[in-house]
Amino acid sequence: MIEDIDHIHIEVRDRDAAADWYNRVLGLVQHAELAVWADDPMGPMILGTPSGKPLLSLFARDAKTCTRDATVAFRTSGIQFCKFVRSLGTKALTNRNGETLTAEHVRDHDLSWSLYFVDPDGNRIELTTYDYGFVRDQFRGIE
């Protein structure tokens, strides 16, 4: 039986630059125990949460434009979601249409809230929370 998703492979042009972006935007850090794999230029650079849960394997490849709706979704608390939305002006994020991400891009899914954006290599990212009532109360009128 499956216990959990272990990690997801992401193709990027530059692993170090991508790791910096994922750290700045989502707070992900290089996984200390698995860092040796990144010594191989074709191997993965594993990123995870500060507590050590592996999430992403960055592979240096000729990253091609995403042609399908393959999105990596990260769950966060309502408090962290609201902090993220309030900090959008400092993050310079864009959605897949090239529009600068603002609070108006928050999507109400009736049971959850999400923001959709892309990393510098065009990989689609979603930040979502299921703390629906909390976020609704914090951001009335952003829909």
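Predicted model: local features only at pLDDT ≥ 70, side-chain atom pairs only at ≥ 80, totals over all residues.

Student: Let's start with helix H1. What span does H1 reach from its first C-alpha to its last?

Tutor: H1 covers residues 15-26, so count twelve residues. The expected span is 1.5 Å times one less than the number of residues. That expectation comes to 16 Å, and the helix is close to it, reaching 16 Å.

Student: Which residue caps the N-terminal end of H1?

Tutor: Look for a side-chain oxygen by the backbone nitrogen of Asp16. There is one at 3.0 Å, and the residue it belongs to is Asp14.

Student: On to H2. Which exposed residues sit on the face of H2 turned away from its buried side?

Tutor: Start with the buried set in H2 (residues 78-86): Gly78, Phe81, Cys82, Phe84 and Val85. Those fall within an arc of 160° seen down the axis, so they line one face. Among what covers them are H1, E7 and helix H4 (132-138). The face turned away carries Lys83 and Arg86.

Student: Now the rings. Is the pair of Trp113 and Tyr132 stacked or edge-to-face?

Tutor: The whole structure has four aromatic pairs. One of them, Trp21 with Tyr22, is edge-to-face at 4.8 Å centre to centre, with 85° between the planes. For Trp113 and Tyr132 the centres are 5.1 Å apart and the planes 15° apart. Planes under 30 degrees apart get the other label, so this pair is stacked.

Student: How many residues apart are Trp113 and Tyr132?

Tutor: Trp113 belongs to strand E7 and Tyr132 to helix H4, so the pair links distant parts of the chain. The separation is 19 residues.

Student: Last one: is Ser112 buried or exposed?

Tutor: Ser112 is in the loop between strand E6 (107-108) and strand E7 (113-118). Beyond its sequence neighbours up to four places away, Ser112 touches Arg107, Thr128, Thr129, Tyr130 and Tyr132. Its relative accessible area is 8%, and the cut-off is under 20%, so Ser112 counts as buried.

Conventions. Residues numbered from 1 in each chain as written. Heavy atoms only, no water. Helix = DSSP H or I, 4+ residues; strand = E, 2+ residues; numbered from the N terminus. Buried < 20%, exposed > 50% of the residue type's maximum accessible area, 1.4 Å probe, protein only. Contact = heavy atoms within 4.5 Å. Polar contact = N/O pair within 3.5 Å; in protein donor to acceptor, adjacent residues only side chain to side chain. Arc of directions from axis to C-beta. Phe/Tyr/Trp six-rings, centres within 6.5 Å; stacked < 30°, edge-to-face > 60°.
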